[in-house]
Amino acid sequence: GNTAPKAPIVPFRESKLTHLFMNHLAGSTAGKTVMIVNVNPQPADYDETQHVLNSATIAQSVKISNDEFVKKEKANVQTHDANGRNLKRIAEDEKAAKQQQNTRRPSDSRSMSNVAMNNKMHQMAAENTALREALNSLKERLTNAESEIREEVAEEFEEMVAEIHEQYAAQKLRTERMGV
């Protein structure tokens, strides 16, 4: 039998090439992936061409699970705002300010100005929420547009590869007919 040791399987996350294309291969932004294989019909390059074709055959059978990336995306919940402030701490500060406001009674002009400031703070918080929702909407639109563009590019590459394959087959047929 074959006693040669099998090459170890490289996990997806540890492969340099797949790590480079990780965002395209899996996750919420996964797109259609096309592999372009460059082969040379010269007899001197037979070994290299055979190796490339074997690698391409193996690559065709690769299936990637999105489970790992879905877990990572859930774990990558936004923890800081655009200015680098911790969102959890901001929420705690707002909660403390509300509690402090509820314990005070508007008995003098200073507490009235606090009421006005609190109203302004709530108004700004509502505006902040609206801006975050708008930002999330824009991010979603951008992701959808990027996905559509990736699909279009993949389709174009597939058409180009098919055309090249047809040209190669036609050239090979002509060469065989000529007896070269």
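Helices (H or I, at least four residues) and strands (E, at least two) are DSSP runs, numbered from the N terminus. This is a predicted model, in which local features need pLDDT of at least 70 and side-chain atom pairs count only at pLDDT 80 or more, while totals for chains, interfaces and linings use all residues. Residues are numbered from 1 along each chain as its sequence is written, and side-chain values use heavy atoms, with hydrogens and water left out.

View 1. Along the sequence the pattern reads α-α-α-α-α-α. Of the 180 residues, 7% count as buried (buried means under 20% relative accessible area, exposed over 50%, partly exposed in between; 1.4 Å probe, protein chains only). The accessible surface comes to about 15800 Å², and 55% of that surface belongs to carbon and sulfur atoms (Shrake-Rupley method with a 1.4 Å probe; for residues, only the protein chains shown count as cover).

**View 2. Helix 4 and helix 6, compared by confidence.** The chain averages a pLDDT of 76, and 60% of the residues score at least 70 (pLDDT is the predictor's confidence in each residue, from 0 to 100). Among the elements of the chain, the lowest mean pLDDT, 57, belongs to helix 4 (residues 67-75), and the highest, 88, to helix 6. Where pLDDT is low, the predicted coordinates should not be read in detail.

**View 3. The salt bridge between Arg150 and Glu146.** The N to O distance between the two side chains is 2.6 Å (a salt bridge is a side-chain nitrogen of Lys or Arg within 4 Å of a carboxyl oxygen of Asp or Glu). By this rule the count is 1 salt bridge. Both residues lie in helix 6, 4 residues apart, about one turn of the helix. Arg150 is partly exposed at 23% relative accessible area, and Glu146 is partly exposed at 34%.

**View 4. A nonpolar surface patch that includes Val161.** Ile36, Ile149, Val153, Phe157, Met160, Val161 and Ile164 make this patch of about 610 Å² (patches are made of residues with over 30% relative accessible area and no salt bridge; like charges are joined within 9 Å, nonpolar side chains, namely Val, Leu, Ile, Met, Phe, Trp and Tyr, within 5 Å). Val161 lies in helix 6 (residues 109-178) and is partly exposed, with a relative accessible area of 34%.

**View 5. Leu53 in helix 3 (residues 46-60).** Not counting residues up to four places away in sequence, Leu53 touches Val37 and Val39 (contact means heavy atoms within 4.5 Å). The C-alpha atoms of Leu53 and Asn38, 15 residues apart along the chain, are separated by 8.9 Å. Leu53 is partly exposed at 40% relative accessibility.
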